[in-house]
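Please consult the sequence and the 3D view while reading.

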Amino acid sequence: MTSSALKSALRTASTIRPVKLATGGTAGELQNLRQTDTGETSVSSLADAFSRAIAHHTSLPQNERIANSKMAAQKVGQHAGFYTNKGVPTNKPFSLLGKNQKLTKTEEGYEGGKPVTLPNGQPIAAAGVSLSPAQQFGKFNTCPNSAICKDDCLGKTAGGNFLYGGAHDLTAMKGPRLVGYNKTKALVHEPEAFATRLYDEIEARKRLAAKEGKHLGVRLNVVSDLHPRITQAVIKAHPDVTFYDYTKLNADPVAPNHHLTYSSTGVTQYKGENGLEHDVMNPHSNWRSMRKRLDTGSNVAMAFTHGAHLPEVVHDKETGKTYQVVNGDTHDFRPLDKQEPGKPGVVIGLKNKNMMTKSAAAHGTAAKNSNGFFVHYDPQLKVLAKGQKAVPTNKSVTIATQPGRSVTRGDEMMGHNGGPLLGKE
Ligand code: SF4
């Protein structure tokens, strides 16, 4: 998709026929987009703002919808920034939707492989919103359940931060971190404008994808964990787009076109287990919730310490059960993951991409340095035949019996933020 094609699609995105939504909205009149006090931002306030904005926008006749789109674009741009032309700012705000390496893998294929397709052979066009991970605004946090992962989050530690600014200083708002932070400011300061702009950008990308014979897949939380109740109005307004995310919240999908993969907050790991040389206590482990989801047929995601290899199975010491691990790094379009009826789910394995702990030298301490977020996996690489590459000779990881009750704070945090308790286990 070329940028000029995308710009042209965005210009026409607001001219589509209005769709009818269940929620209110005043047809035929421009809504004064309200500014939200960041101190009062909550899941409920954002969800309400999104619902209001989408109901209103999609109810407008064409000319008024164009005006509404322009107004939303300006309000979003005041926080997210505007594109420049020869150094001079234009009136085009930075796109909320973009791509990262993983989204690109979905479109173009992994390591020379084929692009990811739907079962009917249709290729995927992928896009996502990269906000600021674990960002606090008053009582609201973009990742409510991030006590264990906020310092290892790819939003702070992945290669892009080293290529384009930020690097080792995780507090530095530079490069991709600054871009994400500015978009997050737009979300909390101008949630209705943000929702309207997001709706328009998805519409534009959907049209282009259709022209290219592709199906659009959108990750609204590339490096954030907004409760899906916030964005459900946008998700429901685009039933022909597939929305998907990883989440550490005990949330369930909000629509048939929405897919969630529950993600690990890591585990407590003991010396001697999996070849680890020290105990790693993780009071935030959600392993019991993970296991419950696996046993009821859902796939879950887990990050391992090694930067190049994944185990083939995870063995649960407490129950004696074993779960298959599949490579979650070839692409991120998780809705395609197989979940065979009546069978346990599989672990979507993710390799360590933290630039500070993924090296071979740092591997032995990655579990400790992440407080147990990364699960230690030693592939015990050996060269089995002269002249050949070393291969893993250990293919399993054992999850120790976890102490106490596992902590799954997603629902509590939703209540704290004033939102409903969705998907409670
Ligand atoms: S919840 Fe996900 S996006 Fe948020 S800080 Fe943790 S790893 Fe990053």
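## The nonpolar core

In this predicted model, the largest nonpolar core contains 89 residues. Within this core, the residues with the most contacts are Phe50, Ile54, Ala195 and Val234. Helix 2, which spans residues 43–59, supplies the largest share of the core, namely eight residues.

At least three of its residues come from domain 1 (3–82 + 93–249), and at least three come from domain 2 (267–408).

Strand 9 comprises residues 258–263 and is mostly covered, since five of its six residues are buried.

Strand 9 pairs with strand 8 (residues 242–247); the two run parallel and are joined by five bridges. Within this pairing, aspartate 245 has leucine 260 of strand 9 as its bridge partner.

Strand 9 also pairs with strand 10 (residues 300–303), again in the parallel sense, over two bridges. Here the bridge partner of serine 263 is alanine 301, which belongs to strand 10.

## The surroundings of the ligand

Which residues come nearest to the ligand? Of the 12 residues around the ligand, these are Pro133, Cys143, Ser146, Cys149 and Cys153.

The shell around the ligand can also be described by residue type: six of its residues are nonpolar, three are polar and three are charged.

Key. Residues numbered from 1 in each chain as written. Predicted model: local features only at pLDDT ≥ 70, side-chain atom pairs only at ≥ 80, totals over all residues. Buried ≥ 20, exposed ≤ 12 C-beta atoms within 10 Å, placed from the backbone. Helix = DSSP H or I, 4+ residues; strand = E, 2+ residues; numbered from the N terminus. Pairing = 2+ DSSP bridges. Near = placed C-beta within 6 Å. Nonpolar A, V, L, I, M, F, W, Y, C, P; charged D, E, K, R; others polar. Core = buried A, V, L, I, M, F, W, Y, C linked by C-beta atoms within 7 Å. Domains from an automatic or database assignment.
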